Amino acid sequence: MAVSVTSTNAMDAFWMPFTANRRFLKEPRIVTAAKDMHYTTADGRKLLDGTAGLWCVNAGHGRPRIVEAVSATVAELDYAPSYQFGHPVAFELAGRIASLFPGDLNHVFFTNSGSESVETALKIALAYHQSKGEGTRTRLIGRERSYHGVGFGGISVGGIATNRRHFGSLLAGVDHLPHTHAPEHNAFSRGQPEWGAHLADDLERMVSLHDPSTIAAVIVEPMAGSAGVLPPPKGYLERLRAICHKYGILLIFDEVITAFGRLGAASATELLGVQPDIVATAKGLTNGTIPMGAVVVDAAIYDSLTQNSATPIELFHGYTYSGHPVAAAAALATLDTYAEEGLFQRAAELAPHFENAAHGLRDLPNVIDIRNMGMVCGIELSARPGAAGERGFEAMQMAFDRGAMIRITADTIALSPPLIISKGQIDELFELVAGVISDLK
Ligand code: PLP
């Protein structure tokens, strides 16, 4: 069904998220349909999807199995509450998700977005320590340059200044590890940088400063995506894990981008062999079709919270749409599609070709770094003096005009196409981006 937009006047009512609204209205970028690797624009052009929508459409667009599951479920059970009642689809899905995560990560709390998954993970961490009689553990540790969504918990532990500065004092008792982006040491790394594992040791400094008895959890993205694609230095996550173990601090992985195939495995947890206590997921879970997130929790946390609870309801937390039947059906069909088509494996097989194509842009004008991991890459352009982000914005607009959707964080172009992309389409995408970068002033 085509969607028509009559005038920018009519469009004015939609306050667009994370968008330069005034600029958008002058030059709107509207898509009206999508199938497999392509969007269709309002003026009927095909756009190659270089971003899987917003890191979520991992199986490509309009996949019949998912569309059918959504249509059938909405007709059969449009909504059912998960407070005090249940429906089979959510239980089945929880089991399926748990089976994708290693070790004792086998309890699943449903949310509707990455931001809600983060809030949920942080709250579970605090409630867990209380359930063990360690209620002094309230401090949360995030990392500079991290993105954990837009809830107050997420922006408090998050490390992007623009996302924090307008919103008051945020959560108290939060500290931040240093980020791992150090172009002087690791520019143009292929995959995980060699340099930077020692940056995890800053957690030891925080432990001495605050005392471990005050620290509840550390939250990091195993690979930071939205802050400009920052793969973890080799050994870094292992070190964080070891320090957290040593002091009884929970380790939370924010896998909102990395879970469900993006790195060529079910999760970064599986790929990297580092076991967190809680994993926040969303995006790829439903292939972007219906909003849904899932927080995967270690059995020890679930058991402590449920068994030590002084009240019948063990966790006073949840959402009206937690485990929504239509979203759960979309997720099951998505996981089936990933499995049937071997898309996680496919991503792993395509990753070297993708990496080579990305690093092929190294000598283009203004390219100051290229970073990649799995089916993600970041191409960082130098900022124009006094106009940070402008070059990146123009790259996105030019790519749209020339036939591709790309994503930008300031002057970094981030590419993360659906995992069904062909090698030919990878080449096409990078040729288009190379042309854009070459023609940018
Ligand atoms: N956490 C990470 C690592 C993300 O990349 C994002 C979104 O990009 C979020 C949380 C927030 O997800 P949502 O936009 O679904 O709330």
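The radius of gyration is taken over C-alpha atoms, and the globule rule is 2.2 Å times the number of residues to the power 0.38. Keep that rule in mind for the first stop. The model on your screen is predicted.

**Whole chain.** Select everything. With 441 residues, a compact globule would have a radius of gyration near 22 Å; this chain has 21 Å, so the two agree. Now switch to cartoon view. You will find 17 helices and 15 strands. Of the 441 residues, 48% count as buried. Take the contacts with a separation of 6 or more: residues 24 or more positions apart account for 72% of them.

**Two domains.** Colour 8-59 together with 342-439 as domain 1, then 67-340 as domain 2. Their C-alpha centres lie 26 Å apart. Where they touch, domain 1 gives 31 residues and domain 2 gives 30.

**The domain 1 side.** Next, select α3 (52-55), α15 (343-359), β11 (367-373), β12 (376-381) and β15 (412-415); each gives two or more residues to the side that touches domain 2. Which element gives the largest share? It is α15, with seven residues. By class, this side of domain 1 has 17 nonpolar, nine polar and five charged residues.

**The ligand.** Zoom in on the ligand. Which of the 14 residues around it come nearest? Select S113, G114, S115, G149 and V256. Then show helix α6 (residues 114-131), which brings the largest share of the shell, three residues. Colour the shell by class to finish: five residues are nonpolar, seven polar and two charged.

How values were computed. Residues are numbered from 1 along each chain as its sequence is written. This is a predicted model: local features need pLDDT of at least 70, side-chain atom pairs count only at pLDDT 80 or more; totals for chains, interfaces and linings use all residues. A residue is near a molecule or strand if its C-beta atom, placed from the backbone, lies within 6 Å of it. Helices (H or I, at least four residues) and strands (E, at least two) are DSSP runs, numbered from the N terminus. Ala, Val, Leu, Ile, Met, Phe, Trp, Tyr, Cys and Pro count as nonpolar, Asp, Glu, Lys and Arg as charged, and the others, Gly among them, as polar. Domain bounds come from an automatic or database domain assignment. Two residues are in contact if their C-beta atoms, placed from the backbone, lie within 7 Å. A residue is buried if 20 or more other C-beta atoms lie within 10 Å of its own, exposed if 12 or fewer, and partly exposed in between; C-beta atoms are placed from the backbone.
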